Amino acid sequence: MCRNIKTLYNFDPPVTEDEIRAASLQFVRKITGFNKPSRANEAAFFAAIDDIALTASRLLTSLESSASPKNREEEAQKLRARSAQRFPSTV
């Protein structure tokens, strides 16, 4: 899966439509291999993003969890620490 697609479920504050759309765009880019579609494929490309964003939004609102919501900043810090371990600076 594309590394740029972030987990969007069970966060406080909840996911925004912009975050869902950004993940949908990354997904469509990944499966098509297009960073930017040609004019001939533009309509299908953007329609797919809209469809996936709608489906993802519906999925995220219908899910239930007994776990407490994760804090976005704490999760971001964990990711930064993991990245620093994997890719130590060469200073």
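The model is predicted, with local features taken only at pLDDT of at least 70, side-chain atom pairs only at pLDDT 80 or more, and totals for chains, interfaces and linings using all residues. Residues are numbered from 1 along each chain as its sequence is written, and side-chain values use heavy atoms, with hydrogens and water left out.

**The N-terminal stretch**

Let's start with Asn 10, in the segment before strand E1 (11-12). Helices (H or I, at least four residues) and strands (E, at least two) are DSSP runs, numbered from the N terminus. Asn 10 has a positive phi near 65°, and it isn't a glycine. It also counts as buried, at 18% relative accessibility; buried means under 20% relative accessible area, exposed over 50%, and partly exposed in between, using a 1.4 Å probe and protein chains only. Pro 13 sits in the loop between E1 and H1. For background, most residues other than glycine have a negative phi, and most peptide bonds are trans.

**H1 and its cover**

The expected span here is 1.5 Å times one less than the number of residues. The buried residues of H1 are Ile 20, Ala 23, Ser 24, Gln 26 and Val 28, and H2 is part of what covers them. Just past the helix, Gly 33 takes a positive phi of about 80°.

| Residue | Relative accessible area | Class |
|---|---|---|
| Ser 57 | 15% | buried |
| Asp 50 | 41% | partly exposed |
| Glu 64 | 76% | exposed |

Ser 57 belongs to helix H2. Leaving aside neighbours within four places in sequence, Ser 57 is in contact (heavy atoms within 4.5 Å) with Glu 17 and Ile 20. With Glu 17 there is a side chain to side chain polar contact at 3.4 Å. A polar contact is a pair of N or O atoms within 3.5 Å; within protein, one must be able to donate a hydrogen and the other to accept it, and residues adjacent in sequence count only if both atoms are side-chain atoms.

Glu 64 lies in the loop between H2 and strand E2 (70-71). Glu 64 and Tyr 9 are 55 residues apart in sequence, yet 9.7 Å apart in space, C-alpha to C-alpha.

**H3**

Helix H3 (residues 72-86) has 15 residues and reaches 21 Å from first C-alpha to last, close to the 21 Å expected. At its start, a side-chain oxygen of Asn 71 comes to within 2.8 Å of the backbone nitrogen of Glu 73.

**The second largest pocket**

Which residues lie nearest the centre of the second largest pocket? They are Ile 5, Leu 8, Ala 23, Ala 56 and Leu 59, out of 15 lining residues. H1 and H2 (42-62) are the elements that give two or more residues to that lining, and H2 gives the largest share, five residues.

Technical notes. 1 Å grid on protein atoms, 1.4 Å probe; cavity = no way out; pocket = protein on both sides within 12 Å on 5 of 7 lines; lining within 4 Å.
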